[in-house]
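Have a look at the model first, then read on.

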Amino acid sequence: MTDRKPPGVNFESWIDKQIRDASDRGDFKDLPGFGKPLPDEKAPYDELWWIKGKMHREGVAVLPPALALRKEAEDAVEAVAEARSEGQVRRILTEVNVRIDAATRFPPPGPPLRLKRFDVDAMVEEWRATR
């Protein structure tokens, strides 16, 4: 876009030509969102749309502490299923139990925790049975 508008050519047609030429050269092919639908224009305006989009792209989730701990406990059960050794199973469950104990002593704000400690020995036995 270093060209100057020639005299006597109206701005709209000159700009349209610049865009058409760039499109023909393929300058727009590598832009993020190329080929994807535009956001819904009828959706209500959200002032924090860009923050939410950034968090989604970065994989960041903001949950109340109780829900985050519940999610961590669910992830621990999945990690136990994929663990390669008994020591790894014990370490995963012990770390989550420490956080559950702390949350039980000092309940975090938000929804109730409704989470109890993992029985490490029982989980290890279950892990062994699946091997």
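Let's start with Arg 90, which sits in helix 4 (helices are DSSP runs of H or I, at least four residues, numbered from the N terminus). Arg 90 counts as partly exposed, at 30% relative accessibility; on this scale buried means under 20% relative accessible area, exposed over 50%, and partly exposed in between, with a 1.4 Å probe and protein chains only. Leaving aside neighbours within four places in sequence, Arg 90 is in contact with Val 120, Asp 121 and Val 124, where contact means heavy atoms within 4.5 Å. Val 80 is ten residues from Arg 90 along the chain, and their C-alpha atoms are 8.6 Å apart.

A word on what you're looking at. This is a predicted model, so local features need pLDDT of at least 70 and side-chain atom pairs count only at pLDDT 80 or more, while totals for chains, interfaces and linings use all residues. Residues are numbered from 1 along each chain as its sequence is written, and side-chain values use heavy atoms, with hydrogens and water left out.

As for confidence, pLDDT is the predictor's own score for each residue, from 0 to 100. The chain has a mean of 87, with 96% of its residues at 70 or more.

| Helix | Residues | Mean pLDDT |
|---|---|---|
| Helix 1 (lowest) | 11-25 | 83 |
| Helix 4 (highest) | 86-105 | 95 |

Back to helix 4. Which of its residues are buried? They are Val 89, Ile 92, Leu 93, Val 96, Asn 97, Ile 100 and Ala 103. They cover an arc of only 130° around the axis, which puts them on the same side of helix 4; the arc is taken from the directions from the helix axis to the C-beta atoms. The face turned away from that buried side carries the exposed residues Val 98 and Arg 105.

What do the buried residues pack against? Their partners are helix 3 (65-82) and helix 5 (120-129). On the helix 5 side, Glu 86, Val 89, Arg 90, Leu 93, Thr 94 and Asn 97 of helix 4 meet Val 120, Asp 121, Met 123, Val 124, Trp 127 and Arg 128. The axes of helix 4 and helix 5 come within 10 Å and cross at roughly 145°; axes are lines fitted to C-alpha atoms over the stretch in contact, and angles run from 0 to 180 degrees between N-to-C directions.

One last stop: Arg 114, in the loop between helix 4 and helix 5. Its phi is near 45°, a positive value in a residue other than glycine. Most residues other than glycine have a negative phi. Arg 114 is exposed, with a relative accessible area of 71%.

Definitions and conventions: Helix = DSSP H or I, 4+ residues; strand = E, 2+ residues; numbered from the N terminus.
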